[in-house]
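Thank you all for coming.

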Amino acid sequence: MSRLRYPLQRWQGNRISVPSFNWRRGISAAALALLLAGSGGLSGCSRDADTAAKASRSPSAAPVASAPAASQAPAATPVPSAAATHQQPSTAYYEIFVRSFSDSNGDGIGDLNGVTAKLDYLKDLGIGGIWLMPILKSPSYHGYDTSDYYAINPDYGTLEDLNRLTEEAHKRGIQVIMDFAANHTSTANPWFVDSAKGKESKYRSWYQWAEDEGVQPVGTSAASSGNPWHEKNGSHYLGIFSDTMPDLNLDNPEVRAELIKAGQFWLKQGLDGLRLDAAKHIYEDFGDQKGKPEIYAKNAEWWQAFRAGLNEVNPNAYLVGEVWDSAAASGPLLNKALNGTFNFDLAKLLLASARSESASDIAGRLDTVYTYFDKTSQGTFIDAPFLTNHDQNRVMSEVQNNLDHAKMAAGLLLTLPGNPFLYYGEEIGMRGAKPDEQIREPMLWNAGGKPGKGQTAWEPIRANADNPPSVEEQLADSGSLLNRYKTLLKWRSEEPALKNGGIAGLDTGVEAVAGFYRTTPQEKVLVLHNLSGKAQSVSLQQLEFTPAGVEFATSGETKLEKEAIQLPPYTSVVLK
């Protein structure tokens, strides 16, 4: 079914302020085929197993700024251009499910004032931006079905509380973005309530009704395996995620204008950007539309129009999209629209490498994708790498509770280009596997999982009931996962090549050692990760330059010798 009934609008407005690479490179047919292959995973937002209500997947970042000047590398070090290595400015972001994070008023439900109370913790951790999962008014616990685009969920507080949070975050150099679902609303939204009354309704055409469009209410949803049509008052409306989430009709100019107005409203409140839920599903509704270039183009046209509208308020607003699909689906959205999309394929690769203790050609795979993204975005994209998010089993569960593997997964993530995203509780090794409530359990602040200041209680602790991890205990333990995250984020903030550099490949010659170069126009640093429980040696003959010394290492036993680098078990190291 074609939904494009109105003329396409061309994007206009100011370009995003990012470093200009002035670089173009064609992408080969083979490379494009690889991108099209992608992850093959379920795209869009997930459905709750018990409630069949939507719960979106992924994670955001700060306004894009030019990369700071980097220190000079030794003259003998060959340094490729920024463009050739996909240089990207970056900020580390932290995804927060407000309901679970921190409770300020003792009602057991996390709230915006609770987030404000934990800003110093996040600053100390090394976070430069936070992504608030849905905070708008909604009838569900997760909030991905919006009933009012201009109102804060009363469980979380007030607009004044949000304003206070953004002000305090900005004082600490922390940017704030929030989830925004443009693909669909809640059935409780007054627009849908009116639309369902009949064909004469003012808002009838704001949604898609099979009978009005002369189509049969049958098909397979592009976001699930079910029929996306649902009956209401004798007619059938489109809702590709669930019957509680009716899809908006983005061909209707009034709908477009209203969503842009809502986005502008929240930027005017001081937010620094938006995480765009189900970004690829604006036009990808049915299974037979998956992978179609014309669908990619229609999605891109909408997000270009959305970006143009937001530029009127803040041309530097950060927009990051959830595209649970191959890079081929993300690429068109980076053209004068989104700053970046979450890298689901990379997340799987990082976790697999940490679990198996076997290195992968991370840089080589990224080069293929980044070459494509550089072309589609005219060199302005910023990748959004992560390990897992609110729709996936938690990292510690994915690595079968192996602390060393969790540390190495963190090491890989936090030494790569782009804006890395951490899911709350990931830094202390919280466990969790589907159903969704158990991957969104309350953040554990207090030793032993005990009640106390800030602790939420909206959901019982199940996945973390036995030997619960906590911030209190891990802050006092120098060898904890939390302190490993702090160390890695500190490296990232201090070394320009880690924070804002590109990436170039390296074959270490050792199966258990992952390696790559991080580069800026001024310098090149070497990153090595011994993923195994055995000491490893990397020959200097494998390198493009001879390091002058070890800049950072997670183990004091790391040694740079005349002919090799000696790496203790489960060690991350940066040399320059």
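This is a predicted model: local features need pLDDT of at least 70, side-chain atom pairs count only at pLDDT 80 or more; totals for chains, interfaces and linings use all residues.

Residues are numbered from 1 along each chain as its sequence is written, and side-chain values use heavy atoms, with hydrogens and water left out.

Let me begin with helix H11, residues 344-356, and helix H14, residues 403-413, whose axes come within 9 Å and cross at roughly 140°. Helices here are DSSP runs of H or I with at least four residues, strands are runs of E with at least two, and both are numbered from the N terminus. The axes are lines fitted to C-alpha atoms, for helices over the stretch in contact, with angles running from 0 to 180 degrees between N-to-C directions. On the H11 side, Leu350, Leu351, Ser353, Ala354 and Arg355 meet His405, Ala409, Leu412 and Leu413 of H14, where contact means heavy atoms within 4.5 Å. The residues of this contact divide into 6 nonpolar, 2 polar and 1 charged, with Ala, Val, Leu, Ile, Met, Phe, Trp, Tyr, Cys and Pro counted as nonpolar, Asp, Glu, Lys and Arg as charged, and the others, Gly among them, as polar.

H11 also packs against helix H12, residues 362-377, at an angle of about 175° and with the axes 11 Å apart, which makes H11 roughly antiparallel to H12. Here Leu346, Leu349 and Leu350 of H11 touch Ile362, Arg365 and Leu366 of H12, and by class that contact has 5 nonpolar, no polar and 1 charged residues.

How much of H12 is buried? In H12, 12 of the 16 residues are buried, so this helix is largely enclosed by the rest of the structure; buried means under 20% relative accessible area, exposed over 50%, and partly exposed in between, using a 1.4 Å probe and protein chains only. Among the buried residues are Tyr370, Tyr372, Phe373 and Asp374. Just after H12, Gln378 takes a positive phi of about 55°.

That brings me to the backbone. Most residues other than glycine have a negative phi, and most peptide bonds are trans. Asn467, in the loop between S13 and H15, has a positive phi near 50°, and with a relative accessible area of 69% this residue is exposed. Tyr570, in the loop between strand S20 (564-567) and strand S21 (571-575), has a positive phi of about 45°, but at 17% relative accessibility Tyr570 counts as buried. Finally, a cis peptide bond with omega of about 15° joins Lys434 and Pro435, and Pro435 lies in the loop between strand S13 (421-423) and helix H15 (471-475).

Technical notes. Angles under 35 degrees count as roughly parallel, over 145 as roughly antiparallel, 65 to 115 as roughly perpendicular and the rest as oblique.
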